[in-house]
Amino acid sequence: MSSGDEAIQAAEKRAETTRLRNVPQFDDLPIPADTANLREGPNLNDACLALLPLVGVWRGEGEIDYPTIEGPYRFAMQLTISHDGRPFLIHEARSWLLDEDGNVIRPAARESGFWRPQADDTIELLLAHNTGILELFYGATRGQASWELGTDAVVRSSTAKEVTGAQRLYGIVNNGDLGYVEERAMVGQPMQPHASALLKRVVG
């Protein structure tokens, strides 16, 4: 069996549990609701087709480390990427720290923003973090199922720690999971690995 056939069969198997789920909906809005399930709601805007594999709700675990923390730490994450039919995707990520046994220690980072594909095939990713950081990433699709981005601008509040740059790579791996790797330059340190995670689709 070819790897393409195997990937299709694996996707069909995953969809048995994910195709009937979506983000919570309010049924009384006079405008299209957000959807993280391409089978429901408005059609995905053509401008977002290069980002189509990202749409869904993803959950998994990863590791965070940096010279300025006493890591590495284990964490879990939920990433929701949805749309409302317009030419952008909505991004929301939540994470929480785990102990060695997988028990929740406490909530950790949160970020919200938008993926904005452009006519020249570049991608803007605007993110606001609960820590007082605002970031503007620029990047592009690599192949058919991976996306590489780097910051063009970082703005921070007076109470936020120093962050001077970041790079991110998202990619769909062979079994259909979403891999995520981030590098950061902050608190006087040069750009270096900071976080990575492997997420499984739970919606879409």
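Modeller: A patch, as the term is used here, is made of residues with over 30% relative accessible area and no salt bridge, and nonpolar side chains are joined within 5 Å. The model is predicted. On its surface, F26, L29 and I31 form a nonpolar patch, and together they have about 360 Å² of accessible area. F26 is located in the loop between helix 1 (3-18) and strand 1 (56-64). Exposed means over 50% relative accessible area, and F26 counts as exposed because its relative accessibility is 65%.

I turn now to the annotated residues. According to the unreviewed UniProt entry, the annotation "binding site" covers T68, K161 and H194. From this set, K161 and H194 belong to the lining of the largest pocket.

T68 is found in the loop between strand 1 and strand 2 (73-82). With a relative accessible area of 41%, T68 is partly exposed. When neighbours within four places in sequence are left aside, T68 is in contact with V187 and Q189.

H194, by contrast, is part of strand 10, which covers residues 192-203. Buried means under 20% relative accessible area, so H194, at 12% relative accessibility, counts as buried. Again leaving aside neighbours within four places in sequence, H194 is in contact with E63, I64, D65 and Y66, and also with E182, E183, R184 and M186.

Note on methods
Residues are numbered from 1 along each chain as its sequence is written. This is a predicted model: local features need pLDDT of at least 70, side-chain atom pairs count only at pLDDT 80 or more; totals for chains, interfaces and linings use all residues. Side-chain values use heavy atoms; hydrogens and water are left out. Patches are made of residues with over 30% relative accessible area and no salt bridge: like charges are joined within 9 Å, nonpolar side chains (Val, Leu, Ile, Met, Phe, Trp, Tyr) within 5 Å. Accessible areas come from the Shrake-Rupley method with a 1.4 Å probe; for residues, only the protein chains shown count as cover. A salt bridge is a side-chain nitrogen of Lys or Arg within 4 Å of a carboxyl oxygen of Asp or Glu. Helices (H or I, at least four residues) and strands (E, at least two) are DSSP runs, numbered from the N terminus. Buried means under 20% relative accessible area, exposed over 50%, partly exposed in between (1.4 Å probe, protein chains only). UniProt positions are given in the numbering used here, feature names are shortened, and annotations may be inferred rather than shown by experiment. On a 1 Å grid over the protein atoms alone, a cavity is a set of points where a 1.4 Å probe fits but cannot get out, and a pocket is an open set with protein on both sides within 12 Å along at least five of seven lines; lining residues have an atom within 4 Å of a point. Contact means heavy atoms within 4.5 Å.
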